[in-house]
Amino acid sequence: MSYLVNLNLKGRRAVVVGGGSVALRKVGGLLAAGARVTVVAESPHHEVRLLAAAGRLRLEARPYADGDLEGAFLAVAATDDEEVNARVSAEAGRHGILVNVADRPALCTFTLPAVVRRGDLTLGVATDGRCPALSRALREDLERAYGEEYGELTSLLGSLRDRLLTEDRPYEAVQRAIEAVYRGGALRLLAAGDREALRDLIWRACSLEWDK
């Protein structure tokens with residue numbers, strides 16, 4: 001059984017070895033997380049080249065070589081060459097670098113869940129690398145069940161939590177108040193655009209005026 005975590009990659013170096021469509025997906029996730037991305041690939045995807053031209057990442061358009069992971073916090077191997085993937089995994093292991101090898105959980109120190117993002121809300125499904133197809137199918141179910149309004153809900157409740165904490169309320173009391181707002185129908189009121197009822201709900205749950 002794996003231990004699911006959220007990594008803070010902002011400003012950290014991440015190396016992606018490979019330049020195909022799988023590598024491109026990995027790059028997109030890393031850039032979204034604020035990582036400093038380097039791609040090493042003999043034949044980079046044209047979108048990878050565009051990102052490099054725009055200054056979004058560093059591109060080394062050549063074969064992978066030992067030493068390419070120097071200074072990296074995280075590495076991803078996404079080539080169609082099993083030998084290269086194994087070498088990337090081995091180098092990462094020698095230097096204590098987190099590594100993901102696409103579709104090869106035995107070579108990984110971490111695997112990536114299938115995720116649904118709604119603003120600051122992230123929903124993930126993982127099968128410990130056993131069945132990625134199931135993860136993708138369940139992700140599609142989550143996409144249908146959790147619409148964009150959940151991003152707005154997360155923003156609202158996060159701002160409310162911040163404000164309550166500035167009032168030096170006990171942490172447990174803040175948690176109860178936030179849950180009461182959610183359980184009281186905040187999502188439904190947001191979707192309906194009923195701001196007056198939402199303010200009333202927040203007042204009842206938190207004894208707090210709210211103008212958001």
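Helices here are DSSP runs of H or I with at least four residues, and strands are runs of E with at least two, both numbered from the N terminus. This is a predicted model, in which local features need pLDDT of at least 70 and side-chain atom pairs count only at pLDDT 80 or more, while totals for chains, interfaces and linings use all residues. Residues are numbered from 1 along each chain as its sequence is written, and side-chain values use heavy atoms, with hydrogens and water left out.

Q: Where do D141 and R144 lie, and how many residues apart are they?
A: Both belong to helix α4 (residues 132-145), where they are 3 residues apart, about one turn of the helix.

Q: Why is the pairing of D141 with R144 called a salt bridge?
A: The term requires a side-chain nitrogen of Lys or Arg within 4 Å of a carboxyl oxygen of Asp or Glu; the closest N and O atoms of D141 and R144 are 2.5 Å apart, so the pair qualifies.

Q: What makes R144 count as exposed or buried?
A: Buried means under 20% relative accessible area, exposed over 50%, and partly exposed in between (1.4 Å probe, protein chains only). R144 has 62% relative accessibility and therefore counts as exposed, whereas D141, at 38%, counts as partly exposed.

Q: Which parts of the chain does the pair of R104 and E82 link?
A: The side chains of R104 and E82 meet in a salt bridge at 2.7 Å, N to O. The pair links distant parts of the chain, with R104 in the loop between β5 (98-101) and β6 (114-118) and E82 in helix α3 (residues 82-95), 22 residues apart. R104 is partly exposed because its relative accessible area is 35%, and E82 is partly exposed because its relative accessibility is 40%.

Q: How do you know that R62 forms a salt bridge with E60?
A: Their closest N and O atoms are 3.5 Å apart, so the pair meets the cut-off. R62, with a relative accessible area of 29%, is therefore partly exposed. A network of salt bridges links R58, E60, R62 and D68, and a search of the whole structure finds 11 salt bridges.

Q: What makes a set of residues a nonpolar core?
A: The members are buried Ala, Val, Leu, Ile, Met, Phe, Trp, Tyr and Cys residues joined through side-chain atoms within 4.5 Å. The largest such core has 20 residues, and among those touching the most other members are V16, V27 and V37. The largest share of this core, 5 residues, comes from α1.
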